[in-house]
Amino acid sequence: MSKKLNPHQTVLVLDFGAQYVQLIVRKVRQQHTYAEIRPAETPATRLADEWPVGIILSGGPASVYEEEAPTVDPQIFELGIPVLGICYGHQLMASVLGGNVEGGERREYGHTPVTITEPDLLLDSVESPTITWMSHGDRVTAAPKGFKTLAYSEHSPVAAMADEERRLYGVQFHPEVEHTKCGGQVLRNFLYEACGCVGDWRTESLIEETVQELRQTIGHERVLCALSGGVDSAVVAALLDRAVGEQLTCMFIDHGLLRKGEAESVINLFSERMGDRFVAIEASALFLERLQGVIDPERKREIIGETFIHTFEAEATKLGKFKFIAHGTLYPDVIESGGGKTDTIKTHHNVGGLPADMQYENLEPLRRLFKDEVRELAVDLGLPDEIVWRRPFPGPGLAIRVVGEVTPQYLEMVREADAIFREELAAANLERDISQALAVLPQIQSVGVMGDGRTYQLPIVLRAVVTNDFMTAEWARLPDELLSRTANRIVNEVRGVNRVLYDITSKPPATIEWE
Ligand code: XMP
């Protein structure tokens, strides 16, 4: 994002491969300061061109002694811009500036008490000792010339350091992690005291800014926005509605794979708000027809993705000419599409997320934002709770929860079971504690007994997980009574089901969805 487009004071976070790098950005933004990620090797002059108010060097898995270890342009320490090094960033700063870094005989991992010896700017208002979260092998044993050691822990003689004159700071612990009690305070000290931040990153001003920006880009042209029922596309639509009103048309394609009541609620909400600028397309028969006989999960995903795009294009043509198409791309998508080398576990499709190479120009008004920020916008824009707090739901919908071939009957069974599970979670007031809950229908028959008769029917698998990032997840320890009531209701109310199972695998090794 160039300075011209981004009017906010900005902190740049250099990424040394830390799993926590996105978390650092989010924590900085939660302190009302805008932050973005840049590659570790970005030249200092390029960073300076963006006029950041501060630079953060993230942690990372490397050791400064490894040959291939990522490094930093040493000139960044000469820019006169405050720098905070975290973990690996702290060690790198020490090593580049002439301090001493050694391989520790003992790793420090987890909750680690840190004793403060100099409660200067960076550690101002932090109690001593304070519990921090550490995860490192190497340690800084001597701070570079010009630096003061501010704190130590059992195995880190320099757990925090500062050169006030050059405004360079380093901490061995992770201030971005919840377990570091003083993390928020340390970040605030760095941002507000060292960098001179004014706290200009607020959702209220963001709405106004985005609306202005959209108006300028769109001019008098027409915009088309695909709605999925999720919070991202709903926020995009609401922003566009404010920005250009009559020039916006929203399209909702019902692929027949949504949960119970979802299509109706999207249609009601948007047709009420947008009248005939909202178009709903009922395409479930087409999707089902294309899915007939397909059992391979990746093939199902491809078919749904392709059918969605074709339907969208065909229906859009009927609505006349549009110059722009709006996408609900978020910041993590932007970072991740930077090119990962990881295996494709499954191909994710965002229904409503369309390929960028269509014949339209793309608008991505949320591309700088994280999900929690989008939810804040949604609240400020007056969207209803059911949309703001909607749990994640996969683009290919219930099709990937019917394991094997998707038929109308199986879809109906999984849809009913899912609705019962959600109702029971809501009744137990647990919806907000569970990151995601779902029902799966594997096509295995088993013997049961109902009344006096033998049954030979299908099972429903319930799955509920708790996670922060959906990359790893723990299965949720739901109360026995809740599971028992849900199981009872499912076998009684969903025809064709005679058994209910609860999935107690974490991710990894399992994924959250079954396909
Ligand atoms: P997995 O199953 O990969 O799921 O552990 C992680 C999260 O991603 C969701 N998911 C999808 N979301 N399109 C989406 O928009 C998809 O194709 C898709 N597949 C999985 C899943 O529900 C969970 O929240």
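Helix 6 passes helix 11 in a left-handed crossing, a crossing being left-handed if the near helix is turned anticlockwise from the far one by less than a right angle, and right-handed if clockwise. The model is predicted, so that local features need pLDDT of at least 70 and side-chain atom pairs count only at pLDDT 80 or more, whereas totals for chains, interfaces and linings use all residues. Residues are numbered from 1 along each chain as its sequence is written, and side-chain values use heavy atoms, with hydrogens and water left out.

Helices (H or I, at least four residues) and strands (E, at least two) are DSSP runs numbered from the N terminus. Helix 6 contributes Val 231, Asp 232, Val 235, Leu 239 and Arg 242 to the contact, and helix 11 contributes Lys 371, Val 374, Leu 377, Ala 378 and Asp 380; contact means heavy atoms within 4.5 Å. Of the residues in this contact of helix 6 with helix 11, six are nonpolar, four are charged and none is polar. In this classification Ala, Val, Leu, Ile, Met, Phe, Trp, Tyr, Cys and Pro count as nonpolar, Asp, Glu, Lys and Arg as charged, and the others, Gly among them, as polar.

Eight aromatic pairs are found in a search of the whole structure. Rings of Phe, Tyr and Trp (its six-membered ring) pair if their centres lie within 6.5 Å; planes under 30 degrees apart count as stacked, over 60 as edge-to-face and the rest as tilted. Tyr 331 is buried at 6% relative accessibility, and Phe 370 is buried at 3% (buried means under 20% relative accessible area, exposed over 50%, partly exposed in between, with a 1.4 Å probe and protein chains only). The pair of Trp 475 and Tyr 502 is also edge-to-face, with centres 6.1 Å apart and planes at 75 degrees. Trp 475 lies in strand 18 (residues 474-475) and Tyr 502 in strand 19 (residues 497-502), so this pair ties together parts 27 residues apart in sequence.

In the segment after strand 19, Ser 506 is buried, with a relative accessible area of 17%. Residues up to four places away in sequence aside, Ser 506 touches Arg 463, Ala 473, Glu 474 and Trp 475. The C-alpha atoms of Ser 506 and Val 466 are separated by 9.4 Å, although these residues are 40 apart along the chain.

Most residues other than glycine have a negative phi, and most peptide bonds are trans. The peptide bond from Lys 507 to Pro 508 is cis, with omega near -15 degrees, and the bond from Pro 508 to Pro 509 is cis, with omega near 10 degrees.
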